[in-house]
Amino acid sequence: MSIWLLGLAVTLVSGIAATVYFWLIRRPHDEMSYGLHALSGLRWREFSKLVLAAMARRGLMEATPEQQESREPQSTFLLARGDERWLLSCKHGSAYRIAAAPVQELAASIRLGAAQGGILATEGKVEKEGRDAAQGTNIELLDGPRLWPEVRDLIEPSLREQIAHYATARAKRHAGISWLGAITLGALAMAVWSGTRPTTATDAPAAAAQVVPASAKTTAAVAPSTPQESFHEPTEAELEAQMRDVLKALSKTPGITRGVWQTRLTLSIDRVASEKEVWPWICLELERYPALRASRVQLNPPPGSSEPVRWRQCKTM
């Protein structure tokens with residue numbers, strides 16, 4: 001894989017994953033947090049009216065609305081739906097941590113009032129003890145995450161837009177930061193990859209010299225062995241085939257874009273990687289063929305680079 005493709009892939013995958021998280025998961029959560037914080041700033045009467053309106057959408061209407069005229073804060077309401085009677089208990093404040101006592105108190109009120117069930121609503125949180133106390137009773141617990149969907153569409157439009165604006169701005173800011181981190185991660189992946197390639201390239205000629213002759217004893221499909229003391233002059237067709245094999249192998253080498261034989265002993269290489277990266281691979285291919293190992297190699301600089309053209313030889317005659 002090209003080093004640039006690797007860096008681009010790492011950047012895109014990490015950046016898109018972070019954006020999806022912040023936009024589809026974190027943004028709704030932040031909107032709910034801002035919304036519950038805004039609800040906690042309402043007065044008792046405003047909060048109770050909001051919850052009563054949410055219950056009205058369920059068909060549970062207040063049975064004694066005249067009690068709303070009282071100026072005293074009221075936390076328990078009797079609701080009716082046909083012949084059914086329900087008790088609504090409002091615990092106003094995001095700092096509420098509902099344990100077992102409020103749930104047991106509501107359950108006792110349900111029994112004394114001969115109601116079918118009850119609803120406990122709060123912007124706070126119902127602890128495990130409170131949920132355990134509600135087991136086996138007809139009590140619905142509406143704490144922060146469950147209450148917000150019920151009342152979200154009932155709050156004032158201006159306040160709802162402000163809450164959505166805060167959550168969206170936070171998601172955009174975090175997504176932008178995540179893309180900067182993704183670019184850094186892609187650059188780091190490229191640096192790690194490029195740092196491992198020269199080491200592999202340097203060791204490759206020695207490894208080839210050891211492995212190829214041994215493999216030649218067991219299979220006829222291996223590449224030609226490294227030059228030996230005896231030299232066989234290739235025919236014209238054999239030399240052209242060897243030159244084509246070199247170009248074919250170099251075309252698959254990372255950092256090399258093109259190779260062209262200008263003459264029978266002059267190879268021109270267009271590269272995008274550093275000379276240190278590509279040179280060991282060029283020599284590895286040329287030294288496979290005794291007739292080509294002394295070829296002059298023209299190393300062209302990367303596009304847009306100010307480096308000069310370099311001429312090198314892997315082996316001398």
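**Salt bridges, helices and a pocket**

Modeller: Glu-275 is a buried residue, because its relative accessibility is 14% and the cut-off for buried is under 20%. Keep in mind that this is a predicted model.

Colleague: Which side chain does Glu-275 meet in a salt bridge?

Modeller: Arg-312, with 2.7 Å from N to O. The two come from distant parts of the chain, 37 residues apart: Glu-275 sits in helix α8 and Arg-312 in strand β11, residues 310-313.

Colleague: And Arg-312, is that buried or exposed, or in between?

Modeller: Arg-312 counts as partly exposed, because its relative accessibility is 29%.

Colleague: How many salt bridges does the count come to?

Modeller: The count comes to 16. One of them joins Glu-140 and Arg-58, whose closest N and O atoms are 2.7 Å apart.

Colleague: What is the relative accessibility of Glu-140? And what is the relative accessible area of Arg-58?

Modeller: Glu-140 has 30% and counts as partly exposed. Arg-58 has 27% and is partly exposed.

Colleague: What is the N to O distance for Arg-152 and Asp-153?

Modeller: Their side chains meet in a salt bridge at 3.3 Å. Arg-152 is partly exposed at 29% relative accessible area, and Asp-153 is partly exposed at 47%.

Colleague: Which residues are linked in a network of salt bridges?

Modeller: Arg-26, Asp-30 and Arg-170 are linked that way. Arg-26 also marks a kink of about 45 degrees in α1, shortly before the proline Pro-28.

Colleague: How far does α1 reach from its first C-alpha to its last?

Modeller: It reaches 53 Å with 38 residues, close to the 56 Å expected at 1.5 Å a residue.

Colleague: Which residue other than glycine has a positive phi near 55 degrees?

Modeller: Ala-114 has that value. It is found in the loop between α3 (100-112) and β5 (117-122).

Colleague: Is Ala-114 buried or exposed?

Modeller: Ala-114 is exposed, because its relative accessible area is 59% and the cut-off for exposed is over 50%.

Colleague: How does the lining of the largest pocket divide by class?

Modeller: Ten residues of that lining are nonpolar, five are polar and two are charged.

Colleague: Back to α6 for a moment. Where is Gly-181 placed?

Modeller: Gly-181 is in helix α6. With 37% relative accessibility, Gly-181 counts as partly exposed.

Colleague: How many residues lie between Gly-181 and Ser-14 in sequence terms, and what is their C-alpha separation?

Modeller: Gly-181 and Ser-14 are 167 residues apart in sequence, with 8.5 Å from C-alpha to C-alpha.

Colleague: Last one. Where does Leu-147 lie, and is Leu-147 buried or exposed?

Modeller: Leu-147 lies in helix α5, residues 144-151. It is buried, with a relative accessible area of 1%. The C-alpha atoms of Leu-147 and Gly-124 are separated by 9.5 Å, and the two residues are 23 apart along the chain.

Conventions. Residues numbered from 1 in each chain as written. Predicted model: local features only at pLDDT ≥ 70, side-chain atom pairs only at ≥ 80, totals over all residues. Heavy atoms only, no water. Nonpolar A, V, L, I, M, F, W, Y, C, P; charged D, E, K, R; others polar. Salt bridge = Lys/Arg side-chain N within 4 Å of Asp/Glu carboxyl O. Buried < 20%, exposed > 50% of the residue type's maximum accessible area, 1.4 Å probe, protein only. Helix = DSSP H or I, 4+ residues; strand = E, 2+ residues; numbered from the N terminus. Expected span 1.5 Å × (residues − 1). Bend = angle between axes of the 7 residues up to and from the residue.
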